[in-house]
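Welcome! Let's get to know this structure together through a few questions and answers.

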Amino acid sequence: MQAWEERAMEREAGRKEGYESGQKAGHESGQQEGKEQMSQLILFLLKEERSEELEKVAKDPEYCKKLMKEYGLD
């Protein structure tokens, strides 16, 4: 294998590693943001004495999205 071919392979491996690292970081960041939004929603519902809606929020993703939007958490 020629030296330029080795360098090209190393660059490609570096790109792939960087891409995968970025994907992982983005995924982790998104998960953390989602947890924080859900915590905020729960606190809002409890503060407004709407705790009976917590089970529905946990079971119905569309209802959860609706409330997230209602509270400006989307």
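This is a predicted model: local features need pLDDT of at least 70, side-chain atom pairs count only at pLDDT 80 or more; totals for chains, interfaces and linings use all residues.

Q: How many residues does α1 have, and what distance does α1 reach from its first C-alpha to its last?
A: Helix α1 covers residues 3-47. It has 45 residues, and a span of 66 Å is expected at 1.5 Å a residue. The model comes close to that expectation, as α1 reaches 66 Å.

Q: How are α1 and α3 oriented to each other: roughly parallel or roughly perpendicular?
A: Helix α3 is made of residues 61-70, and it packs with α1 so that their axes are 10 Å apart. The angle between the two is about 75°. Angles of 65 to 115 degrees count as roughly perpendicular, and α1 and α3 are therefore roughly perpendicular.

Q: Which residues in α3 meet α1?
A: On the α1 side, the contact is made by Q37, M38, L41 and L45. The residues of this contact divide into six nonpolar, one polar and no charged. On the α3 side, the partners are C64, L67 and M68.

Q: What does L67 touch, not counting residues up to four places away in sequence?
A: Beyond its sequence neighbours, L67 touches L41, L45, R50, E53 and V57.

Q: Is R50 buried or exposed?
A: R50 has its place in the loop between α1 and α2. Leaving aside neighbours within four places in sequence, R50 is in contact with L45, Y63, L67, E70 and Y71. Its relative accessible area is 16%. Buried means under 20%, so R50 is buried.

Q: What is the relative accessible area of E53?
A: E53 lies in the loop between α1 and α2. With neighbours within four places in sequence left aside, E53 is in contact with Y63 and L67. E53 and C64 are eleven residues apart in sequence, and their C-alpha atoms are 9.5 Å apart in space. E53 counts as buried, with a relative accessible area of 12%.

Q: What phi does E49 take?
A: Most residues other than glycine have a negative phi. E49 is not a glycine, yet its phi is positive. It comes just after α1, where E49 takes a phi of about 55°.

Q: Is E49 buried or exposed?
A: E49 lies in the loop between α1 and α2. Its relative accessible area is 67%. Exposed means over 50%, so E49 is exposed.

Q: With which residues is F44 in contact, leaving aside its neighbours within four places in sequence?
A: F44 has its place in helix α1. It is partly exposed, with a relative accessible area of 28%. The C-alpha atoms of F44 and G30, 14 residues apart along the chain, are separated by 21 Å. Leaving aside those sequence neighbours, F44 is in contact with Y71 and L73.

Q: How far apart in space are Y71 and Q40, C-alpha to C-alpha?
A: Y71 is found in the segment after α3, and at 15% relative accessibility it counts as buried. Not counting residues up to four places away in sequence, Y71 touches L41, F44, L45, E48 and R50. Y71 and Q40 are 31 residues apart in sequence, and their C-alpha to C-alpha distance in space is 9.0 Å.

Terms used:
Residues are numbered from 1 along each chain as its sequence is written. Side-chain values use heavy atoms; hydrogens and water are left out. Axes are lines fitted to C-alpha atoms, for helices over the stretch in contact, and angles run from 0 to 180 degrees between N-to-C directions. Helices (H or I, at least four residues) and strands (E, at least two) are DSSP runs, numbered from the N terminus. Angles under 35 degrees count as roughly parallel, over 145 as roughly antiparallel, 65 to 115 as roughly perpendicular and the rest as oblique. Contact means heavy atoms within 4.5 Å. Ala, Val, Leu, Ile, Met, Phe, Trp, Tyr, Cys and Pro count as nonpolar, Asp, Glu, Lys and Arg as charged, and the others, Gly among them, as polar. Buried means under 20% relative accessible area, exposed over 50%, partly exposed in between (1.4 Å probe, protein chains only). The expected span of a helix is 1.5 Å times one less than its number of residues.
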